[in-house]
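Here is a short briefing on charged side-chain pairs. Look at the sequence and the model first.

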Amino acid sequence: MPESIPVDINEDALLRSDSVVMAELLRDHTTRRNIIWATDDYAHLGEGFSFADPIAIDHITGPYINVIRPRALKSREQQRARAREKAEVFTPSWICNAQNNLIDEAWFGRKDVFNTEIEYPDGTHSWDSNPDPITYPKGKTWRDYVRDTRLEITCGEAPYLVSRYDTTTGEAIPLNRRIGLLDRKLRVISENTSTTKEWLDAAQIAYMNTYGYEWQGDNLLLAREALFVSFLEYFQAKFGRLPVARSQKYIAYITSWNLWQMDGLKGVIPMTCGDRLSATQNLFGETEETITPCEGCRSNDIRRHNGTYALIRDWSAKAKERRKLRYIDLIK
């Protein structure tokens with residue numbers, strides 16, 4: 001990967017750098033295949049681009065390198081269509097920052113920990129980053145902050161988790177001004193570690209405790225790429241080089257578990273539940289068809305859908321004892 005990684009991440013470059021990482025970022029651990037497109041926006045490109053098709057590496061690289069692009073770089077027509085059909089409206093970075101600041105205000109017990117919000121006379125907004133090392137309230141440490149669990153629901157390109165760019169404008173955000181929940185964890189890791197081992201151990205914990213889910217496969221891939229590339233950028237800023245291949249692969253593996261594909265209202269892989277048609281023969285040899293509706297859809301009960309429930313990994317146990325859990329089983 002180049003030292004300066006552009007906003008629109010190049011899948012060809014990722015593939016050349018490490019094909020295992022690229023494959024991992026496409027993996028769906030629930031279905032044991034790749035994540036699916038979960039949209040018909042790309043169906044006009046032909047076979048392999050329909051709603052239920054897994055996203056293949058050769059369909060986003062080579063001649064298809066510009067197929068998946070951040071929302072800000074899509075045409076206005078595409079943006080309007082996705083907003084109309086899927087209520088896809090992305091949040092400006094200043095709003096992400098303000099809401100993330102509320103989370104930290106509750107955790108730290110004070111305001112303006114990472115930055116100070118600014119409202120200009122013309123109604124625009126920004127922020128001034130705090131250049132000083134972060135200090136912690138009595139009874140809490142930077143390690144507690146790194147371990148604290150964060151989840152972005154219906155995450156899109158995950159602007160609340162990492163803020164490599166403003167998802168509404170496409171404008172790149174320098175490392176020292178980033179405001180995502182994971183950005184903040186990586187910042188405090190860099191402030192409090194001195195060796196690569198310390199940094200990597202803490203970063204793995206940070207990624208294990210940062211989650212998000214998304215319906216559409218293109219958005220999900222962009223989000224996973226953004227988390228992975230942020231890992232490279234923060235490490236390089238701290239140590240002047242990229243992490244070794246093994247460390248990159250492990251972060252890609254964690255990311256592929258913790259950012260997963262799901263219908264957030266049902267807890268299943270998109271469009272996997274619904275009416276089921278079965279055929280039987282009666283005593284006269286005639287075929288009779290029966291339609292069995294999805295009980296979860298009928299009763300609006302998230303625990304009774306007949307689709308494929310999304311799995312996540314429990315990272316709290318020792319490596320050999322880590323279990324797969326249905327996301328819905330964590331909902332009380």
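This is a predicted model: local features need pLDDT of at least 70, side-chain atom pairs count only at pLDDT 80 or more; totals for chains, interfaces and linings use all residues.

Residues are numbered from 1 along each chain as its sequence is written, and side-chain values use heavy atoms, with hydrogens and water left out.

**Overview**
- The structure holds 13 salt bridges (a side-chain nitrogen of Lys or Arg within 4 Å of a carboxyl oxygen of Asp or Glu).
- Side chains of opposite charge can pair when their charged atoms come close.

**A link between distant parts of the chain**
- Asp18 and Lys249 form a salt bridge at 3.8 Å, N to O.
- The partners are 231 residues apart: Asp18 sits in the loop between α1 (11–17) and α2 (19–25), and Lys249 in helix α9 (residues 245–258).
- Helices here are DSSP runs of H or I with at least four residues, numbered from the N terminus.
- Asp18 is buried at 12% relative accessible area, while Lys249 is partly exposed at 32%.
- Buried means under 20% relative accessible area, exposed over 50%, and partly exposed in between (1.4 Å probe, protein chains only).

**Asp148 and Arg150**
- Their side chains meet in a salt bridge at 2.6 Å, N to O.
- Asp148 is partly exposed at 27%, whereas Arg150 is buried at 6%.

**Within helix α7**
- Asp201 pairs with Lys197 in a salt bridge, with the closest N and O atoms 2.7 Å apart.
- Both lie in helix α7 (residues 196–208), 4 residues apart, about one turn of the helix.
- Asp201 is partly exposed at 34%; Lys197 is exposed at 56%.

Terms used: Helices (H or I, at least four residues) and strands (E, at least two) are DSSP runs, numbered from the N terminus.
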